[in-house]
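Student: I've just opened this one and I'm lost. Can we walk through the terms together?

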Amino acid sequence: MKEVKVPEELIYRMSIILLELEQYTFDNEILNEMQKVVKTQINAKLLQMEKREAYTKYKQAETAQEREEQKQKYIEKLGISKNFQY
């Protein structure tokens, strides 16, 4: 499937809409499945955006101490175990 750029604001608004829709159960199995797929994709995109923001803060930190703090936050977002960190 072809990928396209989607503005962050739209992703945030879609996530809010999905949260609102969770209170409803659709009789149509196809609609339920579509809702699950869209929710999964939006959650993945939100996580990707969080990781990117953490990486940017890490790279743009002004001091070594700030850089190390942001690096640890970025590593946490990636889910890397302490055993595999350097």
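Student: Let's start with α3: which of its residues are buried?

Tutor: In α3 they are Gln70, Lys71, Tyr74 and Ile75. Buried means under 20% relative accessible area, while exposed means over 50% and partly exposed is in between, with a 1.4 Å probe and protein chains only. Keep in mind that this is a predicted model, where local features need pLDDT of at least 70, side-chain atom pairs count only at pLDDT 80 or more, and totals for chains, interfaces and linings use all residues. Residues are numbered from 1 along each chain as its sequence is written, and side-chain values use heavy atoms, with hydrogens and water left out.

Student: What makes the buried residues of α3 line one face of the helix?

Tutor: Looking down the axis of α3, they fall within an arc of 145°, so they line one face. The arc is that of the directions from the helix axis to the C-beta atoms. Those buried residues pack against α2, and on the other side of α3, Gln65 and Glu76 are exposed.

Student: How do you know that the span of α3 agrees with what a helix should have?

Tutor: The expected span is 1.5 Å times one less than the number of residues. Helix α3 covers residues 64–78, so its 15 residues should span 21 Å, and its end C-alpha atoms are 21 Å apart, which agrees. After α3 comes Gly79, with a positive phi near 80°.

Student: What does α1 look like by that test?

Tutor: α1 has 14 residues and reaches 20 Å from its first C-alpha to its last, close to the 20 Å expected. Its buried residues are Ile11, Ser15 and Leu18. They cover an arc of only 60° around the axis, which puts them on the same side of α1. The face turned away from that side carries the exposed residues Arg13, Ile16 and Ile17.

Student: Which residues form the largest nonpolar core?

Tutor: Five residues: Ile11, Leu18, Ile42, Leu46 and Met49. The term stands for a set of buried Ala, Val, Leu, Ile, Met, Phe, Trp, Tyr and Cys residues joined through side-chain atoms within 4.5 Å. α1 (8–21) and α2 (29–60) each supply at least two residues of this core, and α2 gives the most, with three.

Student: What does Ile11 touch?

Tutor: Not counting residues up to four places away in sequence, Ile11 touches Val6, Ile42, Lys45, Leu46 and Met49. A contact here means heavy atoms within 4.5 Å.

Student: Why is Tyr24 called partly exposed?

Tutor: Tyr24 has 48% relative accessibility, so it counts as partly exposed. Tyr24 lies in the loop between α1 and α2.

Student: How many helices and strands does the chain have?

Tutor: Three helices and zero strands, running α-α-α from the N terminus on. Helices (H or I, at least four residues) and strands (E, at least two) are DSSP runs, numbered from the N terminus.

Student: Why is the chain called more spread out than a compact globule?

Tutor: Its radius of gyration is 17 Å, well over the 12 Å that the globule rule gives for 86 residues, so the chain is more spread out than a compact globule. That radius is taken over C-alpha atoms, and the rule is 2.2 Å times the number of residues to the power 0.38. The C-alpha atoms fill a box of roughly 55 × 30 × 30 Å, taken along the principal axes. Buried residues make up 16% of the 86 residues.
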